[in-house]
Amino acid sequence: PLPEAQVDRFLFNIGMGYPSEEEERQILHHNTTIGRFEDYDIRPVLNPEIIMKMQILVRDVFVSPAIEQYIVKIVNATRYSDRAGVKLGSYIEYGASPRASIGIYIAAKSQAFMSGMSYVTPQHVKDVCHDVLRHRILVTYEGQAENLTSDEIVAEILARVPVP
């Protein structure tokens, strides 16, 4: 495991379970170590110039002050859960750092952009919160003993923090 300060530098923590038996059978047949790489018809879909242009476009996606405050309140609820009325907050060992706010802000802008919108909605924020906060909320030993996950805490936070 990485130290907390290093884990905090990752933007997302994407949950990924095991494949189904059928999916795993397909993996066996599509394994690149038994085939030739050239047989997979892999073609680039982006290049560095397009990525740079997209980053500029994402930067221009509008975030209202109300949405900015919503992001701050969500992250603050990981630190001061009692103020936000988050019952599972007693199981938070450490709340999210300011990097979480930055991550949600950038990811929500990207989510809006990918949705074809020029502004961020509360739903864009909600759509990225689990992936941004999952690894930034450390669950106490008591919470772990009760099989509580940070995703459950994030879900309660999103249910408790008023949507603008």
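**Ground rules.** I am working from a predicted model, in which local features need pLDDT of at least 70 and side-chain atom pairs count only at pLDDT 80 or more, while totals for chains, interfaces and linings use all residues. I number residues from 1 along each chain as its sequence is written, and the side-chain values use heavy atoms, with hydrogens and water left out.

**Confidence.** I noted a mean pLDDT of 89 for the chain, with 94% of its residues at 70 or more; pLDDT is the predictor's confidence in each residue, from 0 to 100. Among the elements of the chain, helix H1 (residues 4-7) has the lowest mean pLDDT, 70, and helix H4 (residues 65-79) has the highest, 97. I take helices as DSSP runs of H or I with at least four residues, and strands as runs of E with at least two, numbered from the N terminus. Where pLDDT is low, the predicted coordinates should not be read in detail.

**Salt bridges.** I counted a salt bridge wherever a side-chain nitrogen of Lys or Arg is within 4 Å of a carboxyl oxygen of Asp or Glu, and by this rule the count comes to 4.

I began with Arg134, which forms a salt bridge with Asp131, the closest N and O atoms being 2.9 Å apart.

I then turned to helix H2 (residues 21-30), where Arg25 has its place. Glu22 forms a salt bridge with Arg25, with 3.0 Å between the closest N and O atoms, and both residues lie in H2, 3 residues apart, about one turn of the helix. Glu22 is partly exposed at 41% relative accessible area, and Arg25 is also partly exposed, at 46%. I also checked Arg25 against Pro48: the two are 23 residues apart in sequence and 35 Å apart in space, C-alpha to C-alpha.

In helix H9 (residues 150-160), Arg160 and Glu156 are 4 residues apart and so separated by about one helical turn. Arg160 forms a salt bridge with Glu156, the closest N and O atoms being 3.1 Å apart. Glu156 counts as buried at 12% relative accessibility, whereas Arg160 counts as partly exposed at 38%. Salt bridges that share partners join Asp131, Arg134 and Asp151 into one network.

**Nonpolar core.** I used the rule that a nonpolar core is a set of buried Ala, Val, Leu, Ile, Met, Phe, Trp, Tyr and Cys residues joined through side-chain atoms within 4.5 Å. The largest such core has 31 residues, and those with the most contacts inside it are Ile74, Ile104, Val120, Val125, Cys129, Leu133 and Ile157. The elements that give two or more residues to this core are H4, H6, H7 and H9, and H4 gives the most, with 6 residues. Leaving aside its neighbours within four places in sequence, Ile74 is in contact (heavy atoms within 4.5 Å) with Val125, Cys129, Leu133, Ile157, Leu158 and Val161.

Helix H6 (residues 98-114) has 17 residues and reaches 24 Å from its first C-alpha to its last, close to the 24 Å expected at 1.5 Å a residue; the expected span is 1.5 Å times one less than the number of residues. The buried residues of H6, including Gly103, Ile104 and Lys109, pack against helix H3 (48-59), H4 and helix H7 (122-133). Just after H6, I found Gly116 with a positive phi of about 80°.

H3 has 12 residues and reaches 17 Å from first C-alpha to last, close to the 16 Å expected at 1.5 Å a residue. At the start of H3, a side-chain oxygen of Asn47 reaches to within 3.0 Å of the backbone nitrogen of Glu49.

**Two further residues.** Ser81 has its place in helix H5 (residues 81-84) and is buried, with a relative accessible area of 10%. Not counting residues up to four places away in sequence, Ser81 touches Val86, Gly89, Ser90 and Ile92.

Asn147 lies in the loop between helix H8 (141-145) and H9 and counts as exposed at 64% relative accessibility. I flagged Asn147 for a positive phi of about 60° although it is not a glycine; most residues other than glycine have a negative phi.

Note on methods:
Buried < 20%, exposed > 50% of the residue type's maximum accessible area, 1.4 Å probe, protein only. Polar contact = N/O pair within 3.5 Å; in protein donor to acceptor, adjacent residues only side chain to side chain.
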